[in-house]
Amino acid sequence: MHANNHHPRQELLKPASGQFMALTLFVGLMLNLLPWSGAALLLRPDFLAITLIFWSIREPLRMGIGVAWLMGLMIDVADGVLFGQNALAYSLAVFIALLLHRRILMFTPWQQTFYVLLLLLALQAMTLLIRLSTGVDFIGMGYFAASVSGALLWPLLTLLLQLPQKVEPKRD
Amino acid sequence: MDQSPPFFKRGPSPLARFVFFASLSAVLMVADAYQNYLGLLRQTVAVVVTPLQRLANSPSELGDRISEFFISQAFLQKENRRLQQQELEHSAQLQGFQAMQAENAYLRKLLGARKQSDQTLVMTEILYAGRDPFAHKIIVDKGTTHGVSAGQPVVDDVGVIGQVTRAYPFSSEVTLLTDKDQAIPIEIVRNGMRAIAFGQGQDSTLGLAFMPMNADVQPGDTIVTSGIDGVYPPGLPVAVVSKIERNAAVAFARIVCMPSAGVGLHKQVLIVTSDRRKEYESQAAPLLATPTQAEVKGKGKRRGEGAR
């Protein structure tokens, strides 16, 4: 194998515009708010969570835990669940992403998928822990399907969200 | 000396921030779970979220509209015929009902009991099913501005589907009977035996709790609301008993019931907004204030009968 596969050449990217970041988070929130139900609900990747994780890895100085927390509160209200549970889970995922962002950036998007899977599993495990402590039954391992689908979406998400930051190669 | 360039300023460390927000969430969760302090905060966030939610629902609503537009005439005619027939049947039943209501009012007057107030119903449309896979909830499009408040029962054309658990200004959240530990006081039509049905959570069934082994329950028994709780109006169909397990190792019989009303079938449900609880308390107040010896005895006897 080529050495480049292990340490991919870091692409030079422009800093993302704040407006674009806000727009993507809004789109993520709206995708989450679509009327999902049944099996689609279990398979639905948490669009908002992966967008938050993406920006905490790419723009760690501009993506804060506070933003994740606020977005989590909105999901709590929209889903009608215990107030603060998604807020806590989102803050946890973004916190881990902020801690690991340098390491994760060393890998190709496909290799990053593994880390993203771990982050999403941590997020779901946090929610599950809170839910179980309020006395509901575990609904089976299918619950974690959303983490897998979310992680599989990662390479596509990376491609889409990096488009505006690409620098035109200068030939000189 | 604050000479470091803004480039290096990063504020509190991620850990500090995480600990801050985690403890904030913990406080919110405890306050939400054990006290209802957070109504106002929830309402405030709902003001922002509800319009977004409506926006997110609009594509599927548009899809519904379009498919409604292309509905076939044959289907409409068939439906029209069915509805006309149903209306005839209902009007026949209604005539009997009116006679019975008049008779009931007369008998109540004879007994000196107060008139039961008429039910006021609010027609609502289901906006979407709750997205929490652990809970059985739906969100409907009427809220506190339409007189809906938490605790009111929700019914469809077949029977009870659940209870309003949270009311926002323009929408409210309905917890279905099948939600885990959602309780409803019921009565078996065949023998008038009272019990409490609890939601079972995952498998969309109800269970009758604490029923003795020899309880007179048979598969196929219809169960209706008993109305003794003062929340649900009496006599609404709730479920049908589907399975009874009498296992000697457990103290109680395990009775599984299938709910009669189905949420998946319709887009509209009715919320019963008349406050029966207040009415009930005002009726019960004189009785509770000075219980005479005879009344106490009478009550005990009645309770004994009910638990038979």
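## Where the chains meet

In this predicted model, 37 residues of chain B are in contact with 38 residues of chain A. Contact means that the C-beta atoms of two residues, placed from the backbone, lie within 7 Å. On chain B, the elements that give two or more residues to this side are helix H1 (14-34), helix H2 (39-69), strand E1 (121-129) and strand E2 (137-140). Helices (H or I, at least four residues) and strands (E, at least two) are DSSP runs, numbered from the N terminus. H2(B) gives the most, with 11 residues. By class, the side of chain B that touches chain A has 20 nonpolar, 7 polar and 10 charged residues. Here Ala, Val, Leu, Ile, Met, Phe, Trp, Tyr, Cys and Pro count as nonpolar, Asp, Glu, Lys and Arg as charged, and the others, Gly among them, as polar.

Residues are numbered from 1 along each chain as its sequence is written, and chains are lettered from A in the order in which they are written. Local features need pLDDT of at least 70, side-chain atom pairs count only at pLDDT 80 or more, and totals for chains, interfaces and linings use all residues.

## A helix pair across the chains

Helix H4 (residues 65-79) of chain A packs with H2(B) at an angle of about 80°, with their axes 9 Å apart. Axes are lines fitted to C-alpha atoms, for helices over the stretch in contact, and angles run from 0 to 180 degrees between N-to-C directions. H4(A) is therefore roughly perpendicular to H2(B), a term for angles of 65 to 115 degrees. H4(A) contributes Leu73(A), Met74(A), Val77(A) and Ala78(A) to the contact. From H2(B) come Arg42(B), Val45(B), Ala46(B), Val48(B), Val49(B) and Gln53(B). This contact has 8 nonpolar, 1 polar and 1 charged residues.

## Two domains in chain B

Chain B is divided into domain 1 (20-69) and domain 2 (119-285). These bounds come from an automatic or database domain assignment. The domain centres, taken over C-alpha atoms, are 24 Å apart. In chain B, 4 residues of domain 1 are in contact with 5 residues of domain 2. The domain 1 side divides into 1 nonpolar, 3 polar and no charged residues.

## Strand pairing in chain B

Two strands pair if DSSP finds at least two bridges between them.

| Strands | Bridges | Direction |
|---|---|---|
| E7(B) (194-199) and E8(B) (206-211) | 3 bridges | antiparallel |
| E8(B) and E11(B) (253-259) | 4 bridges | antiparallel |

Leu208(B) in E8(B) stands opposite Ala197(B). In E11(B), the bridge partner of Leu208(B) is Ile255(B). The hairpin of E7(B) and E8(B) has 6 residues between the strands, and Gly201(B) takes a positive phi near 85° there.

How values were computed: Parallel < 35°, antiparallel > 145°, perpendicular 65-115°, else oblique.
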